[in-house]
Amino acid sequence: MTLMAPPASRAQAHGHDHRQAAPAPLLKFHAPEIVFGFGSLAEAGFAAARLGARRPFVVTDPGICEAGWVDELTAYLRDARLHPVIWSAVTPNPKDHEVRAAYERYVASEADVIIGIGGGSVMDAAKGVAILSGNAGDILDFAGVDQVTHPIPPMLMIPSTSGTGADVSQFCIVTDTERSVKITIMGRALVPDISVTDPRLLVTMPEDLNAATGLDALTHGVESFVSLAHNPLADSHALNAVGLVCRHLRTTMTSPRDEHARAKMAQASLEAGLAFTNAILGATHAMSHQVGGLLDLPHGVVNGVLLPHVIRYNARATPARFLDLAGAAGLDVDGADGEKAAELLAEHVRRLADDVGVPSGLRALGVSEDDIPQLARTTLDDACLTTNPRTASEEEIVTLFREAL
Ligand SMILES: [Fe+2]
């Protein structure tokens, strides 16, 4: 997300008096080319060819292979006269050594365009390979904002879950296995070139992953809407994503083959991704990355547990924004003030988390009181904390973790 003030010299040259009404800041909206709809996987061959592929490097995991999606993708790539190379050794919360191993295979096989087909872990690993192929060094060296300074190979992403947003985002999250923390690599270079969302792929996702990634999409919508970097173009996607998750996630749990609900969750994931890659995130993600790094837990489940607590914490920093969010979630906020709306939204998120089987606290996920000091310390270093609407000290993060325990 880039916000720019107009150059002073140009504003003065035009003789405008900006003291009367401040001009809206200029903004950029990053997004890949998007192909969306049932059967859109069939477009992947043409899409990769458009990016100049001859030997595309397909990053995936064993579950996606087993579900048959890699065979289907490979057939489409061959139809387009391409010669794919498959790398399927990615695990959840991709590890630094997995990215290094995938990169070595990429180099050895003289591949070109990088394709990620799978969930957020797969797509983050694919981005990791792209980063290493354009930039010398270790993947952990690129933590932070805009550390990827050299051009990277074209990327095509095909999501198989309903939440991560990695197919459109400028984020890449990798686990530093020596320190047991997740590092966040952020920068516009990481926005993929093409995103192909085929809602058919969502049907083969296990139920617990459906719940987790749906709550992740909800968290992206809420956090990007109240982010300090929010902007009007991202706002509408964030609000729409929140509404879609609240209306359709339960149906995908009770009627997994309901195509309408799957398509709506695929759209929620996509729109939440567009929102957060342009408006960034907040404290829920900053905290959740630490828990996920320490205990290798599903990212969306941790978010689902933390989000209601962070909503309550942020309520007084930006109450009017929570009125809009609660309205988008379908809550009756007539006559309510922003803080009341935030409380209603927090309760609503918790009820949804209960309904899709997410535990009520972090303790049930294996976090103990003794882990909290370290979790709070590393949260302060996470790039996502910088756009949280309310500043947070180490003590305040400790309190939030205790409340969520
Ligand atoms: Fe997330």
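Donors are taken as N, O and S atoms within 2.8 Å of the metal (3.2 Å for Na, K and Ca), and since water is not among the atoms, sites may look incomplete. In sequence, the donor residues of the iron ion follow the spacing D-x3-H-x64-H-x13-H. The structure is a predicted model, in which local features need pLDDT of at least 70 and side-chain atom pairs count only at pLDDT 80 or more, whereas totals for chains, interfaces and linings use all residues. Residues are numbered from 1 along each chain as its sequence is written, and side-chain values use heavy atoms, with hydrogens and water left out.

The iron ion is coordinated at 2.1 to 2.2 Å by D216 (OD), H220 (NE2), H285 (NE2) and H299 (NE2). H285 belongs to helix α10 (residues 283-295) and H299 to helix α11 (residues 299-314), so the pair ties together parts that are 14 residues apart in sequence; helices (H or I, at least four residues) and strands (E, at least two) are DSSP runs, numbered from the N terminus. H285 is buried (under 20% relative accessible area, with exposed over 50% and partly exposed in between; 1.4 Å probe, protein chains only), its relative accessible area being 2%.

An open sheet is formed by 6 strands in the order β3-β11-β8-β6-β4-β5, with parallel pairing, where two strands pair if DSSP finds at least two bridges between them.
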